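Subject: Structure handover

Hello,

Here is the structure you asked to look through. Please open it first, then read the notes below it.

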Amino acid sequence: MRDISSKQISLRTAKATGVVLCSQETLNLVKADKLPKGNLFDIAKAAGFLAAKNTHNLIPHCHPVSIDGMTITYDYLDNTNQPEEFRDLQGCYGVIVYCEGKSIGRTGIEMEVLTAVSVAALTIYDLLKPLDDTEIEITSVKLLKKTGGKSDRKKFIHKNTAAVLVCSDTTASGKREDLSGLKIKEILAGFDVETIDYQIVPDDVQQIKAKLQQWVGQQVPFIFTTGGTGFGPKDCTVEAAKAIIEREAIGISEAIRVHGQMRTPTAMLSRGVAGVAGKSLIITLPGSTKGVQESLDAIVPQVFHSRNMIEGEGH
């Protein structure tokens, strides 16, 4: 199964539909509740709910999903009701099944609502086949919409620029190769963010401040530092950044620590801060590549929306 442990937890929604076609005479019996096996809607709804809860047992690569809300509703397809999504079924008769679901988690709920629609439709088929075994057909099972996750995150991805500052005595002296700064550049590139400057400085408050002030003066939209966020005697990046930051963005650093704490217990020891200086957003990240990856997993691409806010364009 695909590894989703790095994904952010968010509200996911999905809506799916499907149609069980039948003859006009059979549909009239459904409307009159005169089926030999009883009311089909309650039975099909229960079957759909059970199917949704067992999707991960039916489809091998589906992760178990917490279903925090789900509704299954029905409509009639006939000469008085032709929904826009079924334009190709004009002149047909049948029962339309709709399913909407909500889940707060790391992966979407679209497979669950599609499974619910499919099994509810199969149940309706089973209940109608004694009356109409020649004209019954399940068709048009499809996803109508979904929100949350990757589909929503795309709206935050647009061309931006950034600068990356590596803060480390050993890296600045050439004794150790930089990996975390290069990891930041790699991740940013995946979100169409160009790193226009990349520098390495020792653990020195004045040198770090000078470089941050230079980039703020150049109005670089996003400034990322790596290293110097811990409790070591030489860790001073946080102090340097705080001296430059005019308005602290507590939510960003909180999101980083919460996301990291779920994966690496020592993430709580990071003193990293974030905030706005001029028209730049400064974000201090840990010095390890794993810390950088987990931190950026927590905040990108949503954090890029801050540029609109800083420029006065609102939300």
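Start with Ser 306. Ser 306 counts as buried, because its relative accessibility is 13% and buried means under 20% relative accessible area (exposed is over 50%, partly exposed in between, with a 1.4 Å probe and protein chains only). Ser 306 sits in helix α12, residues 306–310. Helices (H or I, at least four residues) and strands (E, at least two) are DSSP runs, numbered from the N terminus. Beyond its neighbours within four places in sequence, Ser 306 is in contact with Phe 222 and Leu 281. Contact here means heavy atoms within 4.5 Å.

A word on the source. This is a predicted model, where local features need pLDDT of at least 70 and side-chain atom pairs count only at pLDDT 80 or more, while totals for chains, interfaces and linings use all residues. Residues are numbered from 1 along each chain as its sequence is written, and side-chain values use heavy atoms, with hydrogens and water left out.

Strand β10

β10 covers residues 280–285. In β10, Ser 280, Ile 282 and Thr 284 point one way. Leu 281, Ile 283 and Leu 285 point the other way.

Which strands pair with β10? Strand β7 (residues 222–226) runs parallel to β10, with five bridges between them. Strand β9 (residues 274–277) runs antiparallel to β10, with four bridges. Two strands pair if DSSP finds at least two bridges between them.

The cavity

Rolling a probe the size of a water molecule over the atoms shows where empty space is left. The search used a 1 Å grid over the protein atoms alone: a cavity is a set of points where a 1.4 Å probe fits but cannot get out, and a pocket is an open set with protein on both sides within 12 Å along at least five of seven lines. Lining residues have an atom within 4 Å of a point. Grid points are joined across faces, edges and corners, and a volume is the space filled by probe spheres set on the points.

Across the whole structure, one cavity of 30 Å³ or more turns up. The largest cavity holds about 50 Å³ of space. Its lining includes Ser 253, Ile 256, Arg 257, Ile 283 and Leu 285. The elements giving two or more residues to that lining are α10 (250–261) and β10. By class, the lining has five nonpolar, five polar and one charged residues. Ala, Val, Leu, Ile, Met, Phe, Trp, Tyr, Cys and Pro count as nonpolar, Asp, Glu, Lys and Arg as charged, and the others, Gly among them, as polar.

The second largest pocket

This pocket has a volume of about 290 Å³. It is lined by 21 residues, and Cys 167, Ser 168, Arg 176, Gly 227 and Gly 287 lie nearest its centre. β5 (160–167) and α6 (169–172) each give two or more residues to the lining. The largest share, three residues, comes from α6. The lining divides into three nonpolar, twelve polar and six charged residues.

Cysteines

How many disulfides are there? The count comes to zero, where a disulfide is a pair of cysteine sulfur atoms within 2.5 Å. Cys 62 has its closest cysteine sulfur in Cys 99, 14 Å away, which is too far for a bond. Cys 236 is in no disulfide either; the nearest cysteine sulfur, that of Cys 167, is 7.3 Å away. Cys 62 is buried at 13% relative accessibility, and Cys 236 is buried at 10%.

Backbone points to check by eye

- A cis peptide bond joins Val 300 and Pro 301, with omega about 5°. Pro 301 lies in the loop between α11 (289–299) and α12.
- Asp 33 has a positive phi, near 55°, in a residue other than glycine. Asp 33 is in the loop between α1 (24–31) and α2 (40–53) and is partly exposed, at 46%.
- Ser 140 also has a positive phi near 55°. Ser 140 lies in strand β4, residues 137–147, and is buried at 18%.

Best wishes
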